[in-house]
Amino acid sequence: MSLRPLESDPATLQQAISELDDATGRSRLSALASELIRHNRLYHELDAAEIDDRTYDLLYRELELLEARFPDAVPPDSPTRRVGGAPVSELEPFEHRVPMLSLANAFSAEELQEFDARIKRFLGDDAPEVIDYLLEPKLDGLAAELIYEDGVLVGAGTRGDGLVGEDILHNALTIRDVPLRLEGPPPTRLSVRGEIFFGLAEFEQMNEARVAGGEKAFENPRNAAAGTIRQLDPRIAAARPLTFFAHSFGEVEGAEAMQSQHAQLERIGAWGLPVNPLNRVCSGIEEVIEGIEALGAQRNDLTYEIDGAVVKVDAIALQEQLGALTRTPRWAIAFKYPPEQVTTVLEDIGFQVGRTGAITPVAHLAPVRVGGVTVSRATLHNADQIVVLDLRIGDTVVIQRAGDVIPKVVRVVADEGHDERPVSVFPTHCPECSASLVRDPDKAVIRCPNPISCPAQLTAAVLHFASRRAMDIDGLGSKLVDQLVGRKLVTRVSDLYQLTHAQLSGLDRMGSRSADNLIAALESSRGRPLERCLTALGIPEVGEATARDLANHFRSLDALIEADRAQLLEVHGVGAVVAERVIAFFGDPRSREEIERLRRAGVCFPDLPGVADPGAQPAGATEAAHLTGKTFVITGTLPTLQRDDARARIVAAGGKVTGSVSSKTSFLIAGEKAGSKLTKARQLGVAILDEAQLLQLLQPPAPAPGPSPPKT
């Protein structure tokens, strides 16, 4: 019989729980966790709910309150872990005890037949006349491994290079389809491989919600899944409808051996892990080919994206006999479907202005399903493609989506009316600010040459300036930036620092507290490290890594501004194109004026102490780089410093920050929830500092005292 809530009124739950003695409370907590796990399985997997939503919510709230009272008694598979815990400071390495191999590809029936023949040649006299194969849909998701010990989920990692991936347990815990505890008698240890992905309907609903909330829609399910599972904050993953299908073991200990791949999948399903219901065993390669054709025919009707099918020898004994090459098993192959193409009508051609002023033509289409998603836009890349394809409004066009970020127009379907439709003409003036467009002499790119006052470029530039890896101005999202630019409160990036509380609090969805928070965020951003200021400026071809290299080499903004081509080419990672872009940017009077406006507004562009080249002393570099030669690694969550700021301070003092601990590491800076790096540092005898000790170390040494005055 199901447990019933202690109270039917949420307001009295806290009092009821406080009246339980410790033993009863802990027992109730354990029973509730198990009961809610059972109800989750009944509801989500078996469609056989025993209780209504309100009863479930009351039981769940009761569990939350009990766990708050007895935090040491929270079981590792508690349903409350689904909502996401505290953010991690970084993704730690995840080692695969059994390598996650990649698969060779086949693109035709002939290649599949050669795969079958190759297996039989390798097996020789041991080869069956007809080999049974397991045929599985090949999901277009993110490969991952889950680790269970005594039935409890204790680890999760991405594939990475097959030997080492990224630890994603904090996010795997939030995936509803991933059981926190296995059903039935579990193995002592199980590593199971599979794909993390978004269902198509859930993906579209998530995008609709993002757009309604003023966020940018994700471009495709695969990239969105990969980005979500790598988030540091598990609450982000918990809010997104990720799902999982298991497809194989990595290793299993403490369970009866299984003789076939399909038996393994049946056992995986019996333990409560989701497996694809379309998996099937085929007798011989010709039946495999028929199965792949049938799967391809229903591909566009599936509720998730697939880009092919996986073919595996079903018998485990034959798999072991066949073995593997360096990176691929001999007993499995991936069949890749050709890119799906559909026809639709070209309704219009729009022209978008990017942050750098590049004008990109975009085809507006009659909505059509392709690759499992509804498409109404497709890229046309540049003006030349419109001419090459001879696109006319009203044409029937073939579009293709083959894992691209957005679909592309492949060709025009010839018809009698094509020649009579008007030719599509690329604009001569910017669609946003009416400036005369210019063609980049080095590329097939047409640009708006008005970076300061073009609204589209300004909006993109402000969003880039405020982004996390640049000035990190919390609260400055796209909806707010649209208002600031639209109402001409911001006509250039530097205007951000002139905004007043009265101006901000008068905007839509901006109250007094939000205005205070944004002004505080702007104030805090004025002291960002030099490399992040350079990133924020949006210099063409200069991303985050190049900005860091430039800052470390020149040590000051003034030295960089005055650098010539030869000096720029001395910087690691800077080639001829980047050097020319940097010179052109700082040579533009508009850029120089904007930098001066930012400086007058209090943006520091702080110099780095010391010099990279002993023969040169950049402007402003007066302090000694007293940590020169010292190598640091940062792990865990620091009490007050963000990781980027800690790294910037160390670099400013002459130190070097790396991502992994080795015998050459001078110091490990360890915060809360430090992981494997802390263990390794202890093993290697590396000095371990907390944040307070780091801040003390960052203080430059006091100057040596001068000679004592003569006694009189």
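Mentor: Let us begin with E691, which lies in helix α25. Please keep in mind that this is a predicted model.

Trainee: Is E691 buried or exposed, and how far away is the nearest side chain of opposite charge?
Mentor: E691 is buried, yet it has no salt bridge. The nearest side chain of opposite charge belongs to R649, 7.6 Å away. A salt bridge requires the charged atoms to be within 4 Å.

Trainee: What is E691 in contact with, then, leaving aside its neighbours within four places in sequence?
Mentor: On that basis, E691 is in contact with L638, P639, T640 and L641.

Trainee: And where does helix α25 lie?
Mentor: Helix α25 covers residues 691-698 and lies across β19, β21 and β22. Its direction is at about 100° to β22.

Trainee: What is the order of the strands in that sheet?
Mentor: The order is β20-β19-β21-β22, which makes an open sheet of 4 strands with parallel pairing. At the edges stand β20 (656-658) and β22 (687-689); each has a single partner strand, so one side of each lacks a neighbour in the sheet. From one strand to the next, the twist averages 30°.

Trainee: Which helix packs on the sheet and touches β19, β21 and β22?
Mentor: That is helix α24, residues 676-684. Its direction makes about 145° with that of β21.

Trainee: How many bridges join β21 and β22?
Mentor: Strand β21 (residues 667-670) pairs with β22 over 3 bridges, in the parallel sense.

Trainee: Changing topic: in which sense do β4 and β5 pair?
Mentor: Strand β4, residues 142-149, pairs with β5 in the antiparallel sense, over 6 bridges. The two strands form a hairpin with 2 residues between them. In the turn, D150 has a positive phi of about 55°. The bridge partner of E149 is V152, in β5.

Trainee: Why is β5 described as largely enclosed?
Mentor: Of the 7 residues in β5 (residues 152-158), 6 are buried, so the rest of the structure largely encloses this strand.

Trainee: Next, C282. Where is it, and what does it touch?
Mentor: C282 lies in strand β9, residues 280-283. It is buried, because its relative accessible area is 0%, and the cut-off for buried is under 20%. Not counting residues up to four places away in sequence, C282 touches I131, D132, Y133, L135, E287 and V288. As for V311, it is 29 residues from C282 in sequence, and their C-alpha atoms are 9.4 Å apart in space.

Trainee: What about E7: how accessible is it?
Mentor: E7 has 29% relative accessibility, so it counts as partly exposed. It is found in the segment before α1 (13-18). Among the residues that E7 touches are T12, L13, A16 and L58. The C-alpha atoms of E7 and R54 are separated by 12 Å, although the two residues are 47 apart along the chain.

Technical notes
Residues numbered from 1 in each chain as written. Predicted model: local features only at pLDDT ≥ 70, side-chain atom pairs only at ≥ 80, totals over all residues. Heavy atoms only, no water. Buried < 20%, exposed > 50% of the residue type's maximum accessible area, 1.4 Å probe, protein only. Pairing = 2+ DSSP bridges. Axes fitted to C-alpha atoms, helices over the stretch in contact; angles between N-to-C directions. Contact = heavy atoms within 4.5 Å. Lys, Arg positive; Asp, Glu negative; His and termini not counted.
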